[in-house]
Amino acid sequence: MRLYLIGMPGAGKTTLGRGLAVAYEVPFVDLDEEIVRQENRSIPEIFAAEGEAYFRQREAAVLREVITRHERMVLATGGGTPCFHNSLEVLLETGLTLYLEVPVEKLVNRILAVRNSRPLLAAAPDTAALTTQLTETLRFRKQFYSRAPLCCQAASCTVHAVRQLVAQYQASA
Ligand SMILES: Nc1ncnc2c1ncn2[C@@H]1O[C@H](COP(=O)(O)OP(=O)(O)OP(=O)(O)O)[C@@H](O)[C@H]1O
Ligand SMILES: O=C(O)C1=C[C@@H](O)[C@@H](O)[C@H](O)C1
Ligand SMILES: [Mg+2]
């Protein structure tokens with residue numbers, strides 16, 4: 001099984017993904033980390049040198065390549081992955097997609113500590129501006145995220161709860 005985690009920056013895709021991969025005993029792949037490895041530079045460096053359009057192209061290409069390489073894995077996508085280059089369709093067709101739905105206020109609190117590594121958010125100067133930016137981003141992205149067949153809400157985005165959700169889904173499919 002390929003299990004794909006999608007959701008906003010700070011939703012916990014990487015953190016939960018690692019835990020789920022251990023539980024399922026399958027490889028864990030973090031798409032952002034894979035892009036960084038292949039490009040041999042950080043995401044902020046890629047954005048600064050090449051711009052977002054280039055990053056989205058690389059993201060879409062590396063996604064397809066990673067899927068081809070792994071029949072079984074847990075994949076943490078980047079926050080924008082499903083929203084560009086038809087990648088949501090690719091996710092829906094090749095695996096089981098889970099949306100980590102986390103309220104903007106929680107995202108803000110988590111991101112403030114680490115936002116230097118998130119180029120699209122680094123420009124937001126304070127909590128209010130970050131809240132506005134994330135709210136606007138989510139308004140656009142919700143149409144993509146909400147097409148995932150599985151969804152967990154903040155407190156339920158745990159390894160145990162997600163395993164139950166996946167098992168229920170598979171039993172009913
Ligand atoms: N369930 C949780 N409760 C509280 N904090 C969490 C939870 N999951 C992750 N975090 C914290 O929130 C921050 C973001 O988590 P993480 O990097 O896993 O998010 P992400 O969805 O992978 O974000 P990005 O799209 O930017 O890669 C980290 O500092 C992490 O420790
Ligand atoms: O939300 C986004 O658009 C992004 C999230 C990160 O995971 C990275 O993929 C990159 O910083 C872009
Ligand atoms: Mg991540």
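The protein has an average pLDDT of 94, and 94% of the residues reach a score of at least 70. For the complex, the predictor reports an ipTM of 0.96 together with a pTM of 0.95. Where pLDDT is low, predicted coordinates should not be read in detail.

**Positions annotated in UniProt**

- An unreviewed UniProt entry assigns the feature "binding site" to Asp32, Arg56, Gly79 and Arg147.

**Asp32**

- Asp32 belongs to helix 2, which covers residues 31–39.
- Asp32 is classed as buried because 21 other C-beta atoms lie within 10 Å, where 20 or more are required.
- Leaving aside residues up to four places away in sequence, Asp32 is in contact with Ile43 and Gly78.

**Arg147**

- Arg147 is located in the loop that connects helix 8 (127–145) to strand 5 (150–153).
- Arg147 has 15 other C-beta atoms within 10 Å and is therefore partly exposed, a class that lies between the limits of 12 or fewer for exposed and 20 or more for buried.
- The contacts of Arg147, not counting residues up to four places away in sequence, are Leu88 and Leu92.

**Leu75**

- Leu75 is part of strand 3, formed by residues 73–76.
- Leu75 counts as buried because it has 28 C-beta neighbours inside 10 Å.
- When residues up to four places away in sequence are not counted, Leu75 touches Arg2, Tyr4, Leu5, Val29, Leu31 and Val66.
- One of these contacts, Leu31, falls within the range of helix 2 (residues 31–39), the helix that also holds Asp32.
- Ala53 is 22 residues from Leu75 along the chain, and a distance of 22 Å separates the C-alpha atoms of the two residues.

Key:
Residues are numbered from 1 along each chain as its sequence is written. Chains are lettered from A and ligands numbered from 1 in the order in which they are written. This is a predicted model: local features need pLDDT of at least 70, side-chain atom pairs count only at pLDDT 80 or more; totals for chains, interfaces and linings use all residues. pLDDT is the predictor's confidence in each residue, from 0 to 100. Helices (H or I, at least four residues) and strands (E, at least two) are DSSP runs, numbered from the N terminus. Two residues are in contact if their C-beta atoms, placed from the backbone, lie within 7 Å. UniProt positions are given in the numbering used here, feature names are shortened, and annotations may be inferred rather than shown by experiment.
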